[in-house]
Amino acid sequence: MIITISPGVVSGVMIKKDPVCIPFGFARSGFRGVLVVGKALVRIPGVEVYELGLINP
């Protein structure tokens, strides 16, 4: 399992950038990818996304 935490807002622009591409890449390789974010404006295929609510880092 790969867990990535990003306290900010994740949008469609961030799908090809860190930290979103890390769990996505591992999920494509067969690992369980988990992304914990402040707010997710997009869903990432194969990755479990957990929102904590808007967080001001």
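**Notebook: salt bridges, core and surface**

I started with Lys39, which is partly exposed at a relative accessible area of 33%. My scale here: buried is under 20% relative accessible area, exposed is over 50%, and partly exposed is in between (1.4 Å probe, protein chains only).

A note on the source: this is a predicted model, where local features need pLDDT of at least 70, side-chain atom pairs count only at pLDDT 80 or more, and totals for chains, interfaces and linings use all residues. Residues are numbered from 1 along each chain as its sequence is written, and side-chain values use heavy atoms, with hydrogens and water left out.

**Salt bridges**

How many salt bridges does a search of the whole structure find? I got 3, counting a side-chain nitrogen of Lys or Arg within 4 Å of a carboxyl oxygen of Asp or Glu.

Lys39 pairs with Glu51, with the closest N and O atoms 3.7 Å apart. Lys39 sits in strand 2 and Glu51 in strand 3, so this bridge ties together parts 12 residues apart in sequence. (Strands are DSSP runs of E, at least two residues; helices are runs of H or I, at least four; both are numbered from the N terminus.) Glu51 is partly exposed, at 34% relative accessibility.

Glu51 also meets Arg43, at 3.2 Å from N to O. Arg43 counts as exposed, at 54%. Shared partners join Lys39, Arg43 and Glu51 into one network.

I then looked up Glu48 and Arg32, whose side chains form a salt bridge of 2.7 Å, N to O. Glu48 is in strand 3 (residues 47–51) and Arg32 in the loop between helix 1 (21–28) and strand 2, 16 residues apart. Glu48 is partly exposed at 28%, and Arg32 is partly exposed at 42%.

**Core**

Which residues make up the largest nonpolar core? I listed Val10, Val20, Ala27, Leu35, Val37, Ala40, Ile44 and Val47, 8 residues in all. A core here is a set of buried Ala, Val, Leu, Ile, Met, Phe, Trp, Tyr and Cys residues joined through side-chain atoms within 4.5 Å. Strand 2 (residues 33–40) gives the largest share, 3 residues.

**Aromatic rings**

I searched the whole structure and got 1 aromatic pair. Phe26 and Phe31 sit edge-to-face, 5.4 Å centre to centre with 85° between the planes. The cut-offs: rings of Phe, Tyr and Trp (its six-membered ring) pair if their centres lie within 6.5 Å; planes under 30 degrees apart are stacked, over 60 edge-to-face, the rest tilted. Phe26 is partly exposed at 33%, and Phe31 is partly exposed at 43%.
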